[in-house]
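This report describes a single protein model. The sequence and coordinates come first.

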Amino acid sequence: MTLGDIVVTVQGTRFLGRRFPSVIGRSGITTDKHEGDGATPVGVHRIVGCLWRPDRLGRPCDWAVPIRPGDLWSDDVRDPDYNLMVRAPHRFSHERLSRADPLYDVVLITDWNWPFAEKGRGSAIFVHSWRRQGAPTEGCVAFRRDHLLWIVARIGYGTRLIVQG
């Protein structure tokens with residue numbers, strides 16, 4: 001573990017010597033992640049991408065990719081593109097990335113069960129904005145928007161999301 005790692009616990013998150021309030025999945029932290037369980041998986045997760053809504057804010061980092069209106073994320077174990085970004089229309093179950101609420105205005109993508117997903121092991125552990133402090137996610141890690149933007153602007157090559165049980 002290094003100072004440049006984002007370290008998540010049930011008590012909050014540490015990054016670059018600072019502490020941030022954060023929220024995790026409604027089922028807590030787990031070592032046995034499954035699709036739909038609402039848990040945040042323990043482990044060391046690489047950050048492999050950043051998405052952002054250009055219609056709502058400026059580019060949060062130079063490597064961010066814009067979220068377009070038809071962008072989706074497949075969460076259906078029957079889908080050959082399970083746990084990958086896909087485009088609408090899409091016949092399998094998915095999550096819309098271009099949401100009406102601000103939760104996905106900035107999204108860090110981790111390498112949880114990616115790029116070669118094991119069916120049912122869980123899709124998309126993102127880092128995104130929270131609804132409000134204390135409101136759990138479906139398994140992702142979430143922050144207050146200004147804290148998330150501060151973190152995203154300071155991520156370096158090799159920054160990891162470390163979830164501790």
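## Basis

This is a predicted model, in which local features need pLDDT of at least 70 and side-chain atom pairs count only at pLDDT 80 or more, while totals for chains, interfaces and linings use all residues. Residues are numbered from 1 along each chain as its sequence is written, and side-chain values use heavy atoms, with hydrogens and water left out.

## Aromatic pairs

A search of the whole structure finds 5 aromatic pairs. Rings of Phe, Tyr and Trp (its six-membered ring) pair if their centres lie within 6.5 Å; planes under 30 degrees apart count as stacked, over 60 as edge-to-face and the rest as tilted. The pair of Phe-20 and Trp-150 is tilted, because the ring centres are 5.5 Å apart and the planes stand at 45°. This pair links distant parts of the chain, with Phe-20 in strand β3 (residues 18-20) and Trp-150 in helix α1 (residues 145-154), 130 residues apart. Helices (H or I, at least four residues) and strands (E, at least two) are DSSP runs, numbered from the N terminus. Phe-20 has 2% relative accessibility and therefore counts as buried; buried means under 20% relative accessible area, exposed over 50%, partly exposed in between (1.4 Å probe, protein chains only).

Trp-73 and Phe-126 form an edge-to-face pair, at 5.2 Å centre to centre and 85° between the planes. Here too distant parts of the chain are linked: Trp-73 belongs to strand β9 (residues 71-74) and Phe-126 to strand β13 (residues 126-129), 53 residues apart. Both Trp-73 and Phe-126 are buried. Ring pairs also join Phe-15, Phe-20, Phe-143 and Trp-150 into a cluster.

## Charges over rings

The charged end of Arg-18 sits over the ring of Trp-150, 4.3 Å from the ring centre. A charge sits over a ring if NZ of Lys or CZ of Arg is within 6 Å of the ring centre and within 35 degrees of the ring normal. Arg-99 is placed likewise over the ring of Tyr-104, with its charged end 4.9 Å from the centre.

## Helix residue Ile-151

Ile-151 is found in helix α1. Its relative accessibility is 0%, so Ile-151 counts as buried. Beyond its neighbours within four places in sequence, Ile-151 is in contact (heavy atoms within 4.5 Å) with Ile-6, Phe-15, Phe-20 and Phe-143. Ile-151 and Phe-20 are 131 residues apart in sequence, but their C-alpha atoms are 9.7 Å apart in space.

The largest pocket has a volume of about 420 Å³. Of its 24 lining residues, Glu-95, Tyr-104, Glu-138, Gly-139 and Cys-140 are the closest to the centre. On a 1 Å grid over the protein atoms alone, a pocket is an open set of points where a 1.4 Å probe fits, with protein on both sides within 12 Å along at least five of seven lines; lining residues have an atom within 4 Å of a point. Grid points are joined across faces, edges and corners, and a volume is the space filled by probe spheres set on the points. The lining of the largest pocket divides into 8 nonpolar, 8 polar and 8 charged residues. Ala, Val, Leu, Ile, Met, Phe, Trp, Tyr, Cys and Pro count as nonpolar, Asp, Glu, Lys and Arg as charged, and the others, Gly among them, as polar.

The second largest pocket has a volume of about 210 Å³. Its lining consists of Arg-46, Ile-47, Val-48, Trp-63, Ile-155, Gly-156, Tyr-157, Gly-158 and Thr-159. By class, this lining has 5 nonpolar, 3 polar and 1 charged residues.

## Buried loop residues

Asp-79 is in the loop between β9 and β10 (85-87). With a relative accessible area of 1%, Asp-79 is buried. Leaving out residues up to four places away in sequence, Asp-79 touches Ser-74, His-90, Phe-92 and Lys-119.

Ser-98 lies in the loop between β11 (94-96) and β12 (106-110). Ser-98 counts as buried at 18% relative accessibility. With residues up to four places away in sequence left out, Ser-98 touches Arg-53, Ile-67, Arg-68, Pro-69 and Asp-71.

## Backbone geometry

The peptide bond from Ala-88 to Pro-89 is cis, with omega near -5°, and Pro-89 lies in the loop between β10 and β11. The bond from Trp-114 to Pro-115 is also cis, with omega near 5°. Pro-115 is in the loop between β12 and β13.

Asn-113 has a positive phi, near 50°, although the residue is not glycine. Asn-113 lies in the loop between β12 and β13 and counts as buried at 7% relative accessibility. Ala-124 also has a positive phi, near 35°. Ala-124 is in the loop between β12 and β13 and, at 12% relative accessibility, counts as buried.
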